[in-house]
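Have the structure open and follow along.

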Amino acid sequence: MASVMKTSHHGGCPHDCPDTCSMVFEVENGKLTAVRGNREHPMTRGGLCVKLKDYEKRHYHPDRLLHPMRRTGPKGSGQFEQISWDEALDEITTRWKAIIDEYGPQAIIPYSYLGHQGLVHGLNGGDAFFNKMGATVCERTFCGEGSCTAWLLTVGPTAGVDPESYIHSKYIVIWGCNSVSTNLHHWHIVKEAQKKGAKVVVIDPYRSRTAKEADWHIAPKPGTDGALAMAMMHVIIEEGLQDQDYVDNYTEGFADLAERVKSRPPEWAAEITGLDADLIRQFAREYATSQPSAIRLGVALERNYGGGQAIRAVTCLPALTGAWRHVGGGATQFPVWEHPYKFDVISRPDLIPEGTRVINAIQIGRALNGEMDLDVPIKSMMCWNANPVTQAAETDKIVEGLMREDLFMVSAEHFLSDTASYADIVLPASMGAEMEDMILSWGHLYLTYNEKCVESPGEALPNNEIFRRLAAKMGYQEDNFKWSDSECLENYVDWDAPACEGIDLAYLREHGFAKLNVGTKDDRAPHKAGNFPTPTGKCHFMVEGATNFVAPPFRQMYEGFQPGEPIDSLPDYVASRETPESNPELAQKYPLNIISPKSHGFLNSCYANIEDKIQGQGEQFVMINAVDADRRNIQSGDQVRVFNDRGGFEGRAQITDDVSAGIVVASLGYWRQLNKGTVNCVSSAEFVDMGHAPTFTDNLVQVSLAH
Ligand SMILES: Nc1nc2c(c(=O)[nH]1)N[C@H]1C(S)=C(S)[C@@H](COP(=O)(O)OP(=O)(O)OC[C@H]3O[C@@H](n4cnc5c(=O)[nH]c(N)nc54)[C@H](O)[C@@H]3O)O[C@H]1N2
Ligand SMILES: Nc1nc2c(c(=O)[nH]1)N[C@H]1C(S)=C(S)[C@@H](COP(=O)(O)OP(=O)(O)OC[C@H]3O[C@@H](n4cnc5c(=O)[nH]c(N)nc54)[C@H](O)[C@@H]3O)O[C@H]1N2
Ligand code: SF4
Ligand SMILES: [Mo]
């Protein structure tokens with residue numbers, strides 16, 4: 001009998017998810033045979049989610065791209081011929097050099113996101129290459145960017161409450177986050193706290209899976225969280241429930257905030273949010289008096305025009321009530337702020353030529369289809385780690401742009417995604433277990449290592465190797481393009497930072513993960529005595545001279561960026577752009593607000609092409625209230641069309657009181673090539689008030705029976 005070589009290796013889930021699970025890769029005879037959650041990791045606790053539990057199958061899926069390919073049919077037809085890596089890279093660099101000669105390097109735009117979350121192969125992995133080229137800078141603000149701006153203005157770059165410290169919380173507010181689907185490895189801690197007596201409040205306009213498990217589900221109208229938070233502060237101050245000592249010592253602008261919220265009573269907020277004024281009072285009192293209280297801010301909170309201001313208001317609450325004094329008290333946005341990554345070394349913003357333009361990824365459709373007034377047109381786009389046709393707003397414009405015969409489009413992918421299918425050259429990319437990396441975490445305080453333990457199938461290559469080879473062909477000489485993946489890791493992390501004390505790459509290789517030295521779950525109370533990483537060291541209810549900005553690393557920092565427009569010095573409620581109240585004329589045609597949250601069974605658009613995952617998730621649904629369904633003669637199970645002036649998609653009606661009248665919910669990720677349109681066909685590419693974040697929840701639609 002031939003002997004079987006069985007080994008286990010440390011992995012990290014590379015998907016765009018706050019949990020960044022620590023994984024164990026099982027390898028037999030050079031093949032990945034099983035992937036499981038690391039039992040030693042206090043948050044992963046041995047379990048992966050439904051998407052990843054058989055991650056090895058994704059590695060060897062029959063549809064996986066294995067060879068470089070050149071388009072042979074019309075754009076988007078999916079007709080390609082196999083070519084060699086040399087041919088592919090020669091063709092790409094020859095075309096790019098010609099474009100640079102004729103139009104300059106800004107005619108080329110990179111487009112990437114967090115398809116892979118590694119420091120080496122992830123979001124910023126191609127930045128150094130395209131910065132050296134002088135390409136247009138692509139600003140990537142899909143996820144939490146308005147929230148980042150609001151958070152940084154108020155409390156600075158702090159990780160806030162350790163997600164593990166929620167075990168000590170007595171009152172937990174999950175605000176605009178569907179943790180059961182999107183943050184599972186925090187949810188078990190919340191559930192444990194709940195068992196110990198903590199009250200769990202979920203604030204979500206519809207009854208999500210998470211809302212169903214809450215002790216109290218509060219359902220304001222979409223985009224009205226700012227009014228709710230302002231009214232809470234009104235009640236807290238009116239009833240003297242604030243921690244005056246904390247406010248006096250560790251905050252700025254209390255008198256101005258108190259003056260502002262005076263005219264924001266619960267009755268005012270009730271009109272806006274659709275909630276009862278007494279409910280708002282009760283919530284404010286409970287929140288202020290049940291300590292430690294913790295707020296987990298979800299990404300979706302920012303997705304309306306007033307999203308940034310709403311998050312500023314929410315972020316004031318823990319300082320007003322002194323919640324920060326306690327372990328398990330305060331708020332959590334992105335724990336990534338305390339991870340010592342050297343984004344300037346990874347991205348090399350110093351290489352960006354002065355005056356280089358910036359185009360935002362959310363508006364890529366407008367940039368490609370000619371709608372944006374560009375002095376240099378975009379002649380080439382390279383896309384990796386992202387799938388804008390499915391995930392970015394105003395899909396029809398993106399497709400119109402990608403159909404342009406004069407656009408040279410390159411895609412590095414695992415599968416022929418909705419976006420890759422429009423490429424001129426497709427490059428096969430390596431997957432999780434096939435490349436070394438450390439996986440960024442925006443949902444916990446651990447460093448996570450991922451070992452390369454199997455070879456890539458076919459001719460697939462890691463993203464960073466693709467850029468190394470492209471750099472060699474372009475003649476770029478910087479160190480970034482010479483470092484091996486291991487050398488990148490040595491250079492990309494500030495191993496000398498206090499947070500890394502006792503941790504180095506060798507330690508991570510041996511143990512797979514390591515908690516940063518930023519306090520333990522049982523003693524971390526980073527702001528018990530103020531100590532906020534703001535210019536004054538205090539929490540800023542008010543920021544004098546505040547301006548809008550986009551935080552790094554999503555927008556690389558270089559001196560050419562101008563500060564944004566001035567913004568209100570205090571938080572407030574700012575109305576959404578598309579609601580029946582704010583735009584009655586539009587609402588006559590399109591009376592319903594659509595929410596397009598993440599799917600339980602897909603990871604953004606990943607897995608939405610895989611048969612058993614589609615079966616698990618179910619087909620595209622449209623949740624609608626009986627009142628709205630009756631008016632349209634819609635029965636449960638009917639195929640319906642959801643549309644507005646930007647486009648439309650189809651789904652199966654689910655009549656349910658999980659959504660209120662006036663709201664429909666259809667989840668994200670379904671592939672356009674397998675469905676009739678996607679949720680992003682109706683979403684707008686306008687920005688919210690801060691951080692150039694997207695308005696994915698600020699869209700009016702009509703729903704009718706499909707024909
Ligand atoms: N309507 C609506 N739209 C939304 C949202 C919403 O809530 N509603 N959410 C937004 C949010 S929060 C986000 S983060 C974005 C996400 O938007 P995207 O990042 O564009 O979405 P993904 O589906 O994760 O696309 C990742 C792609 O990268 C590929 N990929 C994965 N790993 C690798 C790799 O190692 N190498 C290469 N070359 N490719 C790889 C995957 O196959 C996949 O096609 O979507 C946004 N869009
Ligand atoms: N299963 C699964 N997990 C994922 C992902 C996935 O696609 N699938 N994607 C990953 C990514 S990229 C991200 S960014 C995270 C995001 O994870 P979450 O932060 O949970 O984001 P969403 O699912 O977009 O929205 C969460 C909830 O916010 C609600 N919401 C929408 N608008 C509003 C509003 O105006 N106010 C309030 N209070 N709530 C509102 C939605 O109804 C939804 O139930 O999840 C990650 N994890
Ligand atoms: S997608 Fe998220 S929950 Fe699932 S294994 Fe990866 S990190 Fe964990
Ligand atoms: Mo995201």
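How does the lining of the largest pocket divide by class into nonpolar, polar and charged residues? There are 15 nonpolar, ten polar and six charged residues in that lining. Here Ala, Val, Leu, Ile, Met, Phe, Trp, Tyr, Cys and Pro count as nonpolar, Asp, Glu, Lys and Arg as charged, and the others, Gly among them, as polar.

Some housekeeping: this is a predicted model, where local features need pLDDT of at least 70 and side-chain atom pairs count only at pLDDT 80 or more, while totals for chains, interfaces and linings use all residues. Residues are numbered from 1 along each chain as its sequence is written, chains are lettered from A and ligands numbered from 1 in the order in which they are written, and side-chain values use heavy atoms, leaving out hydrogens and water.

**The largest pocket**

The volume of the largest pocket is about 460 Å³. Of its 31 lining residues, K221, P222, P580, E581 and N593 are the closest to the centre. A pocket is an open set of points on a 1 Å grid over the protein atoms alone, with protein on both sides within 12 Å along at least five of seven lines; a cavity is a set where a 1.4 Å probe fits but cannot get out, and lining residues have an atom within 4 Å of a point. Points are joined across faces, edges and corners, and the volume is the space filled by probe spheres set on them.

β10 (216-218), α11 (266-273), β22 (592-595) and α23 (626-631) each supply at least two lining residues, and α11 gives the most, with three. These elements are DSSP runs numbered from the N terminus: helices are H or I with at least four residues, strands E with at least two. Domain 2 (145-336) and domain 3 (584-705) both contribute to the lining, so the largest pocket lies between them. The domain bounds come from an automatic or database domain assignment.

**The cavities**

Searching the whole structure turns up six cavities of 30 Å³ or more.

Ligand 1 is surrounded by 29 residues, the closest being N387, Q391, E413, S596 and S605. Ligand 2 has 34 around it, with T182, D204, D225, F602 and N604 the closest. A residue counts as near if one of its heavy atoms lies within 4 Å. Some polar contacts (pairs of N or O atoms within 3.5 Å) are listed here:

| Ligand atom | Protein atom | Distance |
|---|---|---|
| ligand 1, nitrogen | N385, polar side-chain atom | 3.1 Å |
| ligand 1, nitrogen | Q391, polar backbone atom | 2.7 Å |
| ligand 1, nitrogen | N680, side-chain N or O atom | 2.8 Å |
| ligand 2, nitrogen | K51, side-chain N or O atom | 3.0 Å |
| ligand 2, oxygen | D204, polar side-chain atom | 2.5 Å |
| ligand 2, oxygen | N604, polar backbone atom | 2.6 Å |

Taken alone, ligand 1 exposes 910 Å², and the protein buries 98% of that. For ligand 2, the protein covers 98% of the 910 Å² of accessible area that the ligand has on its own. These areas come from the Shrake-Rupley method with a 1.4 Å probe.

The shell around ligand 1 draws at least three residues from each of domain 1 (103-140 + 362-435) and domain 3 (584-705). Ligand 2 gets its shell residues from both domain 2 (145-336) and domain 3 (584-705), so it lies between them.

Key: Polar contact = N/O pair within 3.5 Å; in protein donor to acceptor, adjacent residues only side chain to side chain.
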